[in-house]
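The sequence and the model come first, and the description follows.

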Amino acid sequence: MASQQDRSNDSVFSVTEVSGLDSGSIEVKEEFEKKLTLIKGGIFLGTAAAAGMLIGFGTTLAVSKKRSPTWFSKGISATAAVPETGASLALRALGWGSLYAWCGVGLLSFTVWKALGVHSGRGVTSTVIT
């Protein structure tokens, strides 16, 4: 007569027997799923940021045209009174604003990392969680 433990072992299948994967394949699959999740998250954030920028720019453009249509139409082409078009002024402002934003976020991140005393992204995660 078989013992209780022998019968329980006969009816239990291991994960590798059922799926046909060994532990190395499972680790590769988990790593792939982590990277895929990270890529999906990046695509989502990029899409959300782009949509927000387009909506913000469009709204600002519409409001400025509604408030002063004469100045808006003057800004479309360069004249003697206004030697620079509104579009070139806006692009120059966007360039400087982007530079300031990148530098500000970089400086803020660097300061926080040094204040926490960490050297990698995982270090920040573990330090913030604890």
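## Basis of the description

This is a predicted model, in which local features need pLDDT of at least 70 and side-chain atom pairs count only at pLDDT 80 or more, while totals for chains, interfaces and linings use all residues. Residues are numbered from 1 along each chain as its sequence is written, and side-chain values use heavy atoms, with hydrogens and water left out.

## Overall make-up

Helices (H or I, at least four residues) and strands (E, at least two) are DSSP runs, numbered from the N terminus.

Of the 130 residues, 3% count as buried. Buried means under 20% relative accessible area, exposed means over 50%, and partly exposed lies in between (1.4 Å probe, protein chains only). The chain exposes about 11200 Å², and carbon and sulfur atoms supply 69% of that area. Accessible areas come from the Shrake-Rupley method with a 1.4 Å probe; for residues, only the protein chains shown count as cover.

## The largest pocket

The largest pocket has a volume of about 650 Å³. Of the 21 residues that line the largest pocket, F57, L61, G86, A87 and A90 are the closest to its centre. Two or more lining residues come from each of α3 (23–67), α4 (69–74) and α5 (86–116). The most come from α5, which gives seven residues. By class, the lining holds 13 nonpolar, six polar and two charged residues.

A pocket is an open set of points on a 1 Å grid over the protein atoms alone, where a 1.4 Å probe fits, with protein on both sides within 12 Å along at least five of seven lines; lining residues have an atom within 4 Å of a point. Grid points are joined across faces, edges and corners, and a volume is the space filled by probe spheres set on the points. Ala, Val, Leu, Ile, Met, Phe, Trp, Tyr, Cys and Pro count as nonpolar, Asp, Glu, Lys and Arg as charged, and the others, Gly among them, as polar.

Because W96 and Y100 are four residues apart in helix α5, about one helical turn separates them. W96 counts as partly exposed, at 48% relative accessibility, and Y100 counts as exposed, at 56%.

## Either side of α5

S77 lies in the loop between α4 and α5 and counts as partly exposed, at 40% relative accessibility. S77 and A87 are 10 residues apart in sequence and 8.7 Å apart in space, C-alpha to C-alpha.

Just after α5, G117 takes a positive phi of about 75°. G123 lies in helix α6 (residues 121–129) and counts as buried, at 15% relative accessibility. G123 and W113 are 10 residues apart in sequence and 9.1 Å apart in space, C-alpha to C-alpha.
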